[in-house]
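Here are my notes on the model you sent over. Have it open while you read.

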Amino acid sequence: MADFPNLSRRGFLNRSAAVGGLLVVPGLLSACSKTDAGSSDGEGALDKLRKQGFVRVAYANEAPYGYMEGKDLKGEAPTLHREIFKALGVDELKPTLSEWDGLIPGLQAGKYDVVSAGMAITPERCANALFSDPEFISPTAMMVKKGNPKKITDLASAKAAGAVIGVMSGAVEDSYAKGAGISGSKIKTLQKPQDGADAVKGGRVDAFLLTGISLRWLAKTNPETEVTEAFVPELDGQQQFSPGGAVFRKGNEDLRDSFNRELKKITADKSRYVGLLEAYGFGATEIPPATLKTADLCKG
């Protein structure tokens with residue numbers, strides 16, 4: 001299973017990209033755009049996948065989004081994508097491990113058909129690939145001591161209680177806390193998720209602020225803690241959803257659209273969505289609103 005440092009990379013570096021702009025390494029996203037013969041047409045791509053009986057998916061080994069446990073590919077994205085592709089007549093996911101920064105270039109180069117890694121939808125990434133509709137949103141939550149002694153439920157209640165808040169170094173959650181009026185003296189910076197859990201257990205902070213997805217995963221190995229109900233924070237009056245989705249090569253619009261039709265059936269069915277993904281820390285609060293559109297997210 002992936003280690004918690006991977007969780008921190010998903011938990012703040014990529015969420016920061018969703019809010020503040022993606023850091024692009026020169027050359028990575030301008031990599032060769034070679035595609036498989038016969039797969040530049042979307043309908044042809046799905047036909048090809050059906051005939052071969054499998055779809056090649058890339059993952060970055062980041063729990064709980066997409067990771068290997070023994071010989072099994074697990075996580076939010078593979079679980080959801082397996083369900084969707086089976087409905088489309090493609091029974092098997094064939095996984096390929098990629099470094100995070102190589103996911104889109106590898107897709108462009110035809111090394112795999114879909115990125116199955118819970119990638120955040122940003123305008124910069126949309127310029128280089130096709131995104132599905134949002135599979136999830138990443139609302140924020142707080143890890144507190146078991147029993148929640150200060151009865152913290154959100155940032156407003158944390159401010160009212162005079163709570164000390166822990167955030168990850170370089171994380172967007174720091175801006176969420178400050179935007180809610182919590183003073184800098186009440187915000188403590190931590191280096192990785194387990195540091196946040198340890199700070200809560202040791203009483204050095206009253207709450208550790210991160211995505212509900214990441215915190216529920218972290219709580220599995222820190223039973224002295226609990227996680228508050230997730231909430232969507234605001235910055236400058238804008239809700240911060242941090243949505244993620246599947247990624248396809250440009251030219252595969254029909255494949256993406258077929259995927260979206262099956263995805264909508266799942267996100268429109270709360271019990272089915274939660275039943276599939278709750279083992280990975282995803283609940284009803286992670287279901288994307290029907291009004292949240294990839295086309296709008298790609299515009300920024």
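1. Ground rules first. This is a predicted model, where local features need pLDDT of at least 70 and side-chain atom pairs count only at pLDDT 80 or more, while totals for chains, interfaces and linings use all residues. Residues are numbered from 1 along each chain as its sequence is written, and side-chain values use heavy atoms, with hydrogens and water left out.

2. The disulfide. Taking a disulfide as a pair of cysteine sulfur atoms within 2.5 Å, the count is 1. C126 and C298 are the partners, with 2.0 Å from S to S. The angle about the S-S bond is -65°, making the link left-handed. The two cysteines sit 172 residues apart and tie together distant parts of the chain, C126 being in helix α5 (residues 123-126) and C298 in helix α12 (residues 294-299). Helices here are DSSP runs of H or I with at least four residues, strands are E runs of at least two, and both are numbered from the N terminus.

3. How accessible are C126 and C298? On a scale where buried is under 20% relative accessible area, exposed is over 50% and partly exposed lies in between (1.4 Å probe, protein chains only), C126 is buried at 10%. C298, at 24%, is partly exposed.

4. Look at α3 (residues 76-87) against α11 (residues 270-277). Their axes come within 9 Å and cross at roughly 125°; axes are lines fitted to C-alpha atoms over the stretch in contact, with angles from 0 to 180 degrees between N-to-C directions. The pair is therefore oblique, the label for whatever is not under 35 degrees (roughly parallel), over 145 (roughly antiparallel) or 65 to 115 (roughly perpendicular). On the α3 side, E76, T79, L80 and E83 make the contact, and on the α11 side R272, L276 and L277 do; contact means heavy atoms within 4.5 Å.

5. The cis peptide. A63 and P64 are joined by a cis peptide bond with omega of about 5°. P64 lies in the loop between β1 (54-59) and β2 (67-69).

6. Which non-glycine residues have a positive phi? N148 has one of about 45°, in the loop between β7 (140-145) and α6 (155-160). S242 has one of about 50°, in the loop between β13 (238-239) and β14 (244-248). N148 is buried at 10% relative accessible area, and S242 is buried at 8%. For context, most residues other than glycine have a negative phi, and most peptide bonds are trans.
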